[in-house]
Amino acid sequence: MSTEQSDQQSASQSCSSHMMKTTKRGRPYLKDTLDLFATLIVSLQLTTHKQYFRTFANSFTTDEAAHNLASLKFSQSNRGPDPRDKSRIVTTTTTTTFSMTRDMAKAMCQHFMDARLIENAADQGSNVFKDRGTYVLTPKGLHVLERFISKNGINSDHLQPVFASQPICIKLLHLERRAADDEIIVTQSVITALFRRFVGRQANYAPSHSAPLDAFQEYQERSKGIQLSNVQDKSNIPGKGIVTHKYCFLAVNALEWLCDFTSVVGREEAAEMAAQFVRFGLITLVSDRRKNNDSAIIFTVRGSAPGGNSPVSPHGEFRCTAKAIYKITEEGKRIAQWDESTPSPVSSTTNLHGDRASLDSAAVETGSKSGAEAAVNAADAKIHRRISMAEKLHASYEAGEKKGNVKSNMDRLNYILEEPAYRALFRDFLKANFCEENLAFWLDVEDFKRKFNTTSSAQATAPARGSRSTPGQVAMERHHEALIQTALQIYHKYLAPSSQHELNIDHGLRLDLASYLGEVITNLHGQSFDGQLNPSHFNATQLQMLIKLYSRIQTHVLRLMATDSLPKFLKTPRFVEARQWLGEGGGASEDVLFLTSPHAPPGLGDEEAGGAYMTVSAKASEQREHRSPIPDSNPPS
């Protein structure tokens, strides 16, 4: 398969072509796999298909995927100041074309299945991409797609029914990889972060209630961590009879979970990570009752061991058999922090008034502790993420801080606006108090600014013969027209005299906006501004100036919400309930959480040091906010 990339800015154009890089396992690099997957899905029309007398909504077929991958174009346009004239805005468009045969397209789709981005709609247990099949997106695939759309400014109206009707992976753990071969960089802090996500913040036993779960609830239960059970087995000690092993799970379930909720690609890579759990003493084999003639795949990993009393071994072995059962060890429970009163990073009390910069410079002293304990403590001390949402919102407030402290209230408000679950509650609160227009304006302008900076498109058809415009140029022209319409809608909805949701803003801001609009219209048409705008009034540079004015008004309405509405909202029962839910691991203060920043392991020198970070789906958070919770599960005695 090959890719061709062209860049356009003004009249200049350059093209380059190259083959997609593959690893020693024969798969494309993970980033290329995710980008190509999302580009393909954006280009498809996910509709209802029939197979085996069943219908599958929001699906696509092998033929449709192969047709689009035969000639798939992705165009991205970015706006920015002209280096030669800062007052002007220039647009740079990059178009990437993917081309491959049908067999290559099928092989690529197989990689999508291995990465657990798509699944066979008629047979979800199948791991083979078939020549005649119907496929749907997995929750993990929807998570990747959502972030791709948001990052690249893609119009995704045709995909909204998919996001609204299917479960989405709320938190996806990413493991950093070596640039040279795309292999996961394994360090003790990376394995610690992965293991904690794997086992969850509490032991995840099946719910005790007997009511059947719908697809969303079932997925929510799995997302808490690997589902555990108690297993009875014959004791290895003579005369002891039957013993009960707690915190057990099937080996195959572990592989499935790692593929579904982390960035590992395929069962082979998942088995290697599970073998690392064994090597670090976090899990151990309970039994493997396969028959002698049953096939068995056993993965073994090797590495250095600190020695002494460290639970880390020089090698670890994981059995990928249907009958193999593993359990969490005492060391695993300690690393999971199940027994601590505040087990999660969300409960951290470090540096309540610090920001990300102060966290990044956190120092680590390992002292004379054992190698394993020192490495784990180092990883804990270097967690790179915003401090607990609940602490930021309430610690200083409950300590008696005055209500009129605008700066601290602005901080709290910013955190609420970043967390989808809180933001939805805050919007409901404002609506009930007849002042929703302030938040609605702020959100609309945020979306407008994002769309102004970047826009992308994906399509499987070539431009019409005789057309001088590239797909990227056509997309940009349509995008510019849509931006103008959005700018006008914001003005007429919130800022025009006697508008439907007119904002109560400072007179000076309103005067500056009217003066600028009057200047634009006078220069273009020689007419005075009468309070009405039409699409012919703006070019890109003028739109940017309008964004600056809108941003000033945003700051004004934020201050109003922080001083008038926020203190009342923080005391509402629904907000208190949301805090408890988020504190149990259901959400995050932002959409990317950095879980590790480890020191380079011994022997690596200047080589890359691994890391782990979590991405959080805004759409999944909103889904969960509007669905009924499931009663907590308790381990059977």
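At roughly what angle do the axes of helix α8 (residues 251–261) and α9 cross? I looked this up in what is a predicted model, and found a crossing at roughly 140° for another pair, α15 and α16, but roughly 110° for α8 and α9. The α8 and α9 axes come within 9 Å. Angles of 65 to 115 degrees count as roughly perpendicular, so I noted α8 and α9 as roughly perpendicular to each other.

Next I listed who makes this contact. From α8 I have Leu255, Glu256, Leu258 and Cys259, and from α9 Gly266, Arg267, Ala270, Ala271, Met273 and Ala274. I sorted these residues into seven nonpolar, one polar and two charged.

Then I stayed with α9 itself. Helix α9 covers residues 266–279, and its 14 residues reach 20 Å from the first C-alpha to the last, close to the 20 Å expected. Twelve of the 14 are buried, so I noted α9 as largely enclosed by the rest of the structure. Among the buried residues I found Glu269, Glu272, Gln276 and Arg279, along with Phe277 and Val278. After α9 comes Gly281, and I noted its positive phi, near 75°.

Last, I went back to α15 (residues 420–432) and α16 (residues 437–453). Their axes come within 9 Å, and I put the pair down as oblique to each other. Arg423, Phe426, Arg427 and Leu430 of α15 meet Leu439, Ala440 and Leu443 of α16. In this contact I noted five nonpolar residues, no polar ones and two charged.

Terms used
Residues numbered from 1 in each chain as written. Predicted model: local features only at pLDDT ≥ 70, side-chain atom pairs only at ≥ 80, totals over all residues. Heavy atoms only, no water. Axes fitted to C-alpha atoms, helices over the stretch in contact; angles between N-to-C directions. Helix = DSSP H or I, 4+ residues; strand = E, 2+ residues; numbered from the N terminus. Parallel < 35°, antiparallel > 145°, perpendicular 65-115°, else oblique. Contact = heavy atoms within 4.5 Å. Nonpolar A, V, L, I, M, F, W, Y, C, P; charged D, E, K, R; others polar. Expected span 1.5 Å × (residues − 1). Buried < 20%, exposed > 50% of the residue type's maximum accessible area, 1.4 Å probe, protein only.
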